[in-house]
Amino acid sequence: MIDYISGGIAELTPTRVVIDNSGIGYGIEISLQTYEKLDGCNKAKVYIFESINQRDSTQVMYGFASKDERELFELIIGVSGIGASSARMILSSMSADELREAIVAENVAKIKTIKGIGLKSAQRMVLELKDKIVKGEGASNDILLQPEKNDAVEEATSALLMLGFAKPNINKAMQTIMKSNPNAKVEEIIKIALKML
């Protein structure tokens with residue numbers, strides 16, 4: 001199995017990149033997120049996911065600018081009824097962070113705005129992926145689930161950890177609190193979080 005391909009960019013469109021590696025041009029399907037990261041570069045390192053169509057045995061390589069995006073792609077195609085091309089459309093419509101936030105917040109309406117994703121598929125994504133994402137799957141590190149850094153949030157998080165609450169639950173609570181009250185003081189954050197946890 002190919003983990004990544006690196007080399008010069010021979011062709012680049014918003015949906016496809018051709019990477020020249022030792023005189024061989026690898027045609028790789030990409031998301032808009034990956035395109036934005038590769039645009040303007042002469043060389044690239046693209047993490048690969050190989051998909052083989054069972055009906056006609058055609059092989060398609062999907063490429064990602066980061067391992068993180070590839071892991072999320074693999075989680076998405078694990079959802080029943082969502083294939084590789086739909087997963088690429090999802091990652092072209094939202095950044096990996098936006099998608100994780102929408103799933104963790106159970107924001108079905110936001111997920112449903114993606115072309116080709118209906119209500120049932122959006123609900124299935126939330127149902128099947130929320131716990132996995134909260135546990136840190138589909139991400140290369142847990143920073144992605146943390147709210148924006150500020151001293152009050154860090155102090156409140158430390159206090160809640162000492163009280164025995166789980167970090168993923170604290171991070172989720174912090175995101176919610178900071179969205180509605182970004183200037184909250186440490187004591188306020190802790191009080192609100194304790195009601196939520």
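How do strand β1 and strand β2 pair, and over how many bridges? Strand β1 (residues 4-13) and strand β2 (residues 16-21) run antiparallel to each other and share 5 bridges. Here, two strands pair if DSSP finds at least two bridges between them.

Before going further, a word on what you are looking at. This is a predicted model, in which local features need pLDDT of at least 70 and side-chain atom pairs count only at pLDDT 80 or more, while totals for chains, interfaces and linings use all residues. Residues are numbered from 1 along each chain as its sequence is written, and side-chain values use heavy atoms, with hydrogens and water left out.

## The whole chain

The protein chain holds 9 helices and 5 strands. Both are DSSP runs numbered from the N terminus: helices are H or I with at least four residues, strands are E with at least two. Read from the N terminus, the order is β-β-β-α-β-β-α-α-α-α-α-α-α-α. The C-alpha trace spans about 60 × 35 × 25 Å along its principal axes. Of the 197 residues, 40% count as buried, meaning under 20% relative accessible area with a 1.4 Å probe, protein chains only.

## The barrel

The 5 strands form a closed barrel in the order β1-β2-β3-β5-β4, and the pairing is mixed. On average, neighbouring strands of this sheet are turned by 55° against each other, direction ignored. Axes are lines fitted to C-alpha atoms, for helices over the stretch in contact, and angles run from 0 to 180 degrees between N-to-C directions. As a reminder, strands of a sheet pair through backbone hydrogen bonds, either parallel or antiparallel.

| Strands | Sense | Bridges |
|---|---|---|
| β1 and β2 | antiparallel | 5 bridges |
| β2 and β3 | antiparallel | 6 bridges |
| β3 and β5 | parallel | 2 bridges |

I9 has I19 in β2 as its bridge partner, V17 stands opposite I28 in β3, and I30 stands opposite G63 in β5. The hairpin of β2 and β3 has 2 residues between the strands, and S22 there takes a positive phi near 55°.

## Helices on and beyond the sheet

Which strands does helix α3 touch as it packs on the sheet? Helix α3 (residues 84-93) touches β3 (24-30), β4 and β5, and its direction makes about 20° with that of β5.

Helix α4 (residues 96-104) has A96, L99, R100, A102, I103 and V104 as its buried residues. These pack against α2, α3, α5 (108-112), α6 (119-134) and α8 (167-180). After α4 comes E106, whose phi is positive, near 55°.

## A closer look at V108

V108 sits in helix α5. Why does V108 count as buried? Its relative accessible area is 18%. Leaving aside neighbours within four places in sequence, V108 is in contact with L119, A122, Q123 and V126; contact means heavy atoms within 4.5 Å. V108 and I5 are 103 residues apart along the chain, and their C-alpha atoms are separated by 35 Å.

Note on methods:
Buried < 20%, exposed > 50% of the residue type's maximum accessible area, 1.4 Å probe, protein only.
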